[in-house]
Amino acid sequence: MSLLITGSIALDSVKTPIEEHHDLLGGSASYASIAASFFSPVNMVGVVGSDFPKKYLDLYRQRGVNLDGLQVVEGKTFRWSGEYEWDLNRRRTLSVALNVFETFNPTLPAHYAATPFVFLANISPQLQMHVLGQVKAPKFVVADTMDLWIETAREPLRELLRRIDCLVLNESEAREFTKQTSLIKAGRQILRMGPKYVVIKKGEHGSLLFSHDLFFSAPAYPLEDIHDPTGAGDCFAGALAGYLARAGKVSHETLRKAVIHGSVVASYCVEAFSLKRLEQLTLAEIEQRYQLIKQMSHFEAA
């Protein structure tokens, strides 16, 4: 089944203690769409300016991403720049220029409205609800969020939670949103706000999946070399949603497998800047790393 993805599309400048790159393909919709495209057809919804490089549009098309919902308008594309410390979990935003993204107010193409699976990547909850309101009877809706919306749009975010099936957020966001130090308590508390499932990302320490009758602690794939963590969380959530769309159904089994596939794709993402590693990634490599995680997690003799 197909998957609708909306979110930001950006040109990023990223600096680490080792390297620095400019005008990279970025944004939550970019990372999520490329990650999801390994598993299901993707209908993208987003906006870019007239300065957006053709090579990035070509990359979307090469991955089979439907661009009928992509607006190209006169002006400059959303730009972000950031710098990572030696501890790559620590990042400073240096500049943000919303540009054409500031007035983004999409109208979905008619054939997008029946897309059965939806991933609302990280944008304002008001914009997420605007897009979701145009989809007719979706089968399963996943949404991501961030600390900015928790701080500035808490009530719209709570309204969104009543309209989605699964919320994805990281551990610091879960703690900030619920004012709980325990991630277990935080996950349970968010479930009571409306979604059927909650996924809390813990970066290199894996993730937690909650529902009222399910708890799953998923490991991350251990990496020796990390070049750029930007977009890893968006890849995780996009691959998770894409896997569910491919399965065509949501069960405890497919959710567990979706979480692990999300971890696998995110682990490849951080091996190079921007989406460079995913451009070369194959399904065979995804399956190989998926099987390695299964072996590392297995502890009972056959």
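The buried residues of helix α1 are Ser28, Ala29, Ser30, Tyr31, Ala32, Ser33, Ile34, Ala35 and Ala36, and the helix is accordingly described as mostly covered, with nine of its nine residues buried. The structure is a predicted model, and its chain contains 11 helices and 13 strands. Of the 302 residues of this chain, 55% count as buried.

**Overall form and surface**

- The radius of gyration of the chain is 18 Å, which agrees with the value near 19 Å that a compact globule of 302 residues would have.
- Taken along the principal axes, the box filled by the C-alpha atoms of the chain is roughly 60 × 45 × 35 Å.
- Among the contacts in the chain with a separation of 6 or more, 65% are accounted for by residues 24 or more positions apart.
- The chain exposes about 13,400 Å², and carbon and sulfur atoms supply 50% of this area.
- The side chains of the chain include 32 positive and 33 negative ones, and the centres of these two sets lie 6 Å apart.

**Helix α1 and Ser33**

- Ser33 lies in helix α1, which covers residues 28–36, and Ser33 is buried because its relative accessible area is 0%, under the 20% limit.
- Leaving aside neighbours within four places in sequence, Ser33 is in contact with Ile5, Val42, Met44 and Val65.
- Although Ser33 and Leu3 are 30 residues apart along the chain, their C-alpha atoms are separated by 9.0 Å.

**Strand β1 and Thr6**

- Thr6 is found in strand β1, which is made up of residues 3–6, and Thr6 counts as buried at 0% relative accessibility.
- The side chain of Thr6 reaches the backbone oxygen of Val45 at a distance of 3.2 Å.
- Not counting residues up to four places away in sequence, Thr6 touches Ala29, Val45, Phe104, Phe119, Leu120, Ala121, Ile123 and Val131; one of these, Ala29, is also among the buried residues of α1.

- In helix α7, which spans residues 183–191, the residues Leu183, Ala186, Gly187, Gln189, Ile190 and Leu191 are buried.
- The elements that cover these buried residues of α7 include the helices α5 (154–161) and α6 (171–178), together with the strands β10 (166–170), β11 (197–201) and β12 (207–211).
- The N-terminal end of α7 is capped by Ser182, a side-chain oxygen of which lies 3.2 Å from the backbone nitrogen of Ile184.

**Loop residues**

- Pro53 is placed in the loop between β4 (42–49) and α2 (54–62), where it counts as partly exposed at 22% relative accessibility.
- Pro53 and Leu25 are 28 residues apart in sequence, and their C-alpha atoms are 9.0 Å apart in space.
- Asn99, in the loop between β7 (91–97) and β8 (117–120), has a positive phi of about 50 degrees although it is not a glycine, and Asn99 counts as partly exposed at 30% relative accessibility.
- Ser274, in the loop between α9 (252–269) and α10 (276–280), is likewise not a glycine and has a positive phi of about 55 degrees; with a relative accessible area of 5%, Ser274 is buried.

Notes. Residues numbered from 1 in each chain as written. Predicted model: local features only at pLDDT ≥ 70, side-chain atom pairs only at ≥ 80, totals over all residues. Heavy atoms only, no water. Helix = DSSP H or I, 4+ residues; strand = E, 2+ residues; numbered from the N terminus. Rg over C-alpha atoms; globule rule 2.2 N^0.38 Å. Buried < 20%, exposed > 50% of the residue type's maximum accessible area, 1.4 Å probe, protein only. Contact = heavy atoms within 4.5 Å. Areas by Shrake-Rupley, 256 points an atom, 1.4 Å probe, with all protein chains shown as cover. Lys, Arg positive; Asp, Glu negative; His and termini not counted. Charge placed at Lys NZ, Arg CZ, Asp CG, Glu CD. Polar contact = N/O pair within 3.5 Å; in protein donor to acceptor, adjacent residues only side chain to side chain.
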